[in-house]
Every structure is written in structure tokens, then in C-alpha cells.
Amino acid sequence: MKYVLVTGGVVSGLGKGVTASSIGVVLKACGLGVTSIKIDPYLNTDAGTMSPFEHGEVFVLDDGGEVDLDLGNYERFLDVTLTKDNNITTGKIYQSVLDKERKGDYLGKTVQVVPHITDAIKDWIESVSLIPVDGKEGQADVCVIELGGTVGDIESMPFIEALRQLSFSVGPDNFCLIHVSLIPVLGVVGEQKTKPTQHTVRELRALGLTPHFLACRSAQPLLESTKAKLSQFCHVAAANILNIHDVPNIWHVPLLLRNQNAHHSILKQLNLTNVATAPDLDSWNKMAETFDNLTNHVQIAMVGKYIGLTDSYLSVVKALLHACIACSLKPHIEWIAASDLEDESEKSTPEAHAAAWKILKSAECILVPGGFGDRGVSGMVLAAKYARENKIPYLGICLGMQIAVIEFARSVLGLERANSTEFDAQTSDPVVIFMPEGSRTHMGSTMRLGSRRTHLHNRDSLTSKLYGQVSYVDERHRHRYEVT
């Protein structure tokens, strides 16, 4: 197995996930099989109990794994189906080690970070990298590993040490380290600054890892003088300094890497030049150019609870993007806080209330995504009612679908107290109820999770027609409540 490790420095949120995904795309375009692993150094077992404001979207896998949103990037970019084990967290590692200690597997030895935690990390990586993820037989050729956070974070130290040991054990021909860093430009000076990258590379080397490549994030393309300075002070060949500058859309990133011959250098580092082909990225090029050349727009109102962090709805946004491109439209998403639509906000925050309704009424379609808790629910109901009465296309996902049922039951069926038992446990008209397989005492991994099959008995129904008149559909679920 060949490993490509992607680390990050200076600041978080640089786009390590997109960078790692794009590297995988370019390698896959060279005819190689690619799998991915995301390491999240937080102590949570998984992302399932984390607030969307805290960590963005919780991405759900086919096997029910609740994982980091970057695994969604991997699946979309690489066209693979990952497992929950492709997301490694500190919580998972420590839990596995402590379970072994309780069973006596360590034969009375003192359990320590080195070697027991680091060995567990290495074993996990090596075993998961062998799992087929692309529907083909046999293991992948390359495993792209993304280490979350930034180099120097105290919680990532065991992973850095484990990866250092892994690089030594697999040998230089089987390990490639790409460090993503920021090249800022100070407004007053106007010069591309390399010092932050110099510091983060120095810290990485002090921990025993020397990057083979630098992936430099910047607003504008790197100057040759900047590359020369980085090469001199970071001990990285100028040809291995990759520039991922700002682009119109993220589909340009694999093309950026290809245009800089990143694939050739990575293949050379991994000793794969004899088995790889020239990268075929024609479909990516076409997709990127198609989006850039779209002129017609569609205005979509997104009525949600977590709009303060748009990453909370990343998969929904990406799905809208793909759907709009298929219709030759460029999406213009207007974010509306559901609570701003409520009658109470008209008194407390009249300007926000008026602005929210103005956006809603100007939208060509309305989408209400998922969420938990009763905050903003009455605003979502009003949005659903407006869409139904004015024949505006409405899509409800998870909570949004439940909202549509509640609104229809109240307004059309005359069930004034129609509600979900999540919001009103004593409602006389429970149209949305708690699912029998759920747990009322534990939150983590106790919902209906992962791919489930829904059988469509009436082929002439609207639902069946929307799915292409199929007899069943497999969809991923993440919810505790269902329509009665």
C-alpha cells in the first residue's frame, strides 16, 4: 500500500479536505485505485453528537457511520463508498485500547501512548486502507490520509508520532507527505509572506516528519520569488511547491494540480510511474467550464436553523449545485434563519423579520433541511404554508419533510394541534412520532442511520415518478422521528 499524508499548518479551514480529495482525483485519473482516511483528533467517538455550529455537517455513510464532512468530499470527488472506519478519532482509538486493556490483552503491561496508542493508530490505518471502496475487487493502490487540525495541536501529537513511525516502517517509496499551508498577503505591504509556512514546516520537521510537497493556499498565484524562498527555507524542491490559489469553483482544484504536474511528482515519489497512465480529466474540465459559463440563475431560499455556519448543510448545497448544473442553471442560495420568519420576531426584530420574508417571497423555490429541537419550527411551518398556498416548489429534507406534513395536517386536514412528539409530547394529533428503534437515554448512534431501502408499491405515484418509476430506492437516513 502507498500512503499520501495531507497535513495542515498556520490556520484551520484551509481546504485540506478538498486538497486531499483533489489529489485522489488526479491519482485516480492516472488509472490507480484510491481510498481515503480522515483523522479527527477530537475525543468524541464520532461526529454524531456534535453541534453543526461546532463542527459543520455530520455526514452519514451507507453503513450508518456519522462522520466528518470531509468524507462527503471524498465520496463525491472519488465516487467511492466509505465506511465508518475510514474516519479515525481519538475517541475511537482510546476506546479500542482501553477495551483491550480491560480484557487483559496487554498481559499486565503499563498501557502508554507510545507504543500502545500509536500502534493502534498504525494498525487501524493499515487495516482500513485494505478495504475495497470503489466496488471493485482487491485493495486500492493508494490511501490518501488527511490529518485534521493544524500541526502543533496538542491533541494531534499521538497521530503525528504514529504517522512518523508508519512512514519509517513502510519505507520512502511508499509514503508521501503533502503539507497544506497559507501564504497570506498583508494589505499594507502587498507582499506574499512565507514566514508562517516556514514556521509550520519547522515544527513539522521537529516532530520527525519532513514534507515532500507544499500545497500553498493563496488568493493569487504564487510568484516565482515566493516559490524560491519557500524552497530555500522549507527544504522542499521548487518543483514540489504546489499552488492552490483561489478558483471560481472547487472542480478547478484537480485541474490546477494536473497543470502543475503534481501527479508526475507524486507518482515519482511513490515509485508508481511505471504503472500509472496520463491523467484523464476531460470530464472534470468539462464540468468546471460548464459551471463557469452558466448565465441563468435560480434563486433558492434555504430556511434552516444553523445558517450561521453554511458548512452545516454542505451536502445539501453540493446536491443543489449538481442538480442546477444538470438544468443549466447557476444556484443562488439565499439563507434564511427560520426563527426570523416567526410572528414573535416581527415584534422583537422587525427588520430581520421583514428581510427574511422579502427573501422568501422573491425565491423561485424553497428548501427546508434537517435539524433537531423546536427552535425555528414555527418559522419553517410558515415557509411550508407559503410555498403550498403560492404553488412555490418546496423540498423538505428530514425535519423539512416533517414540517410539510405538520403544516398540511393543520391547514388542510383541520387538525389544529397536529405536531411532532419531539416538539409537543402531549399533542392530541401526533403526525410525527418517535421511532421504536430509537433510544431516549443515549444520543450517539441511536437513530435510524445509514442506507435503508424504501419500497414504492404504486409505480404511478408522484414519488415513484420522481425516482424514475422504480420499485424501490436506497437512501441514507439520520433521524429519530417518522411520519405516522
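The model is predicted, so local features need pLDDT of at least 70 and side-chain atom pairs count only at pLDDT 80 or more, while totals for chains, interfaces and linings use all residues. Residues are numbered from 1 along each chain as its sequence is written, and side-chain values use heavy atoms, with hydrogens and water left out. Helices (H or I, at least four residues) and strands (E, at least two) are DSSP runs, numbered from the N terminus. The second largest pocket has a volume of about 1000 Å³, and the structure holds zero disulfides.

**The second largest pocket**

- Rolling a probe the size of a water molecule over the atoms shows where empty space is left.
- On a 1 Å grid over the protein atoms alone, a pocket is an open set of points with protein on both sides within 12 Å along at least five of seven lines, whereas a cavity is a set where a 1.4 Å probe fits but cannot get out; lining residues have an atom within 4 Å of a point.
- Grid points are joined across faces, edges and corners, and a volume is the space filled by probe spheres set on the points.
- The second largest pocket comes to about 1000 Å³.
- Its lining has 38 residues, and those closest to the centre are Leu69, Asp70, Asn73, Asp311 and Leu314.
- Two or more lining residues come from each of α1 (16-29), β2 (34-40), α2 (52-55), α3 (70-78), α12 (314-326) and β11 (330-337).
- Helix α12 gives the most to this lining, with four residues.
- By class, 15 residues of the lining are nonpolar, eleven polar and twelve charged (Ala, Val, Leu, Ile, Met, Phe, Trp, Tyr, Cys and Pro count as nonpolar, Asp, Glu, Lys and Arg as charged, and the others, Gly among them, as polar).
- Domain 1 (2-287) and domain 2 (298-434) each supply at least three residues to the lining of the second largest pocket, with bounds that come from an automatic or database domain assignment.

**The enclosed space**

- A search of the whole structure finds one cavity of 30 Å³ or more.
- The largest cavity holds about 50 Å³ of space.
- Lining the largest cavity are Gly371, Phe372, Cys398, Leu399, Gln402, Glu422, His479, Arg480 and Tyr481.
- That lining divides into four nonpolar, three polar and two charged residues.

**Cysteines**

- There are zero disulfides in the structure, a disulfide being a pair of cysteine sulfur atoms within 2.5 Å.
- Cys176 counts as buried at 0% relative accessibility (buried means under 20% relative accessible area, exposed over 50%, partly exposed in between, with a 1.4 Å probe and protein chains only).
- Cys365 is in no disulfide either, and the nearest cysteine sulfur, in Cys324, is 7.2 Å away.
- With a relative accessible area of 19%, Cys365 is buried.

**The annotated N-terminal region**

- UniProt, in an unreviewed entry, lists residues 2-272 as "domain: CTP synthase N-terminal"; its positions are given in the numbering used here, feature names are shortened, and annotations may be inferred rather than shown by experiment.
- Over residues 2-272 the chain is 41% helix and 17% strand, and the end C-alpha atoms are 9 Å apart.

**Backbone details to check**

- Val114 and Pro115 are joined by a cis peptide bond with omega of about 20°, and Pro115 is found in helix α5 (residues 113-128).
- Val10 is not a glycine, yet it has a positive phi of about 75°.
- Val10 sits in the loop between β1 (2-8) and α1 and is partly exposed, at 35% relative accessibility.
- Leu107 also has a positive phi, of about 55°, although it is not a glycine.
- Leu107 lies in the loop between α4 (90-103) and α5 and is exposed, with a relative accessible area of 76%.

**Buried residues and chain separations**

- Val432, in strand β15 (residues 429-434), is buried at 0% relative accessibility.
- Val432 and Ser420 are twelve residues apart along the chain, with their C-alpha atoms separated by 4.4 Å.
- Leu71, in helix α3, is buried at 0% relative accessibility.
- Leu71 and Leu82 are eleven residues apart along the chain, and 7.7 Å separates their C-alpha atoms.
- His353, in helix α14 (residues 350-362), counts as buried at 10% relative accessibility.
- The C-alpha atoms of His353 and Ile307, 46 residues apart along the chain, are separated by 15 Å.
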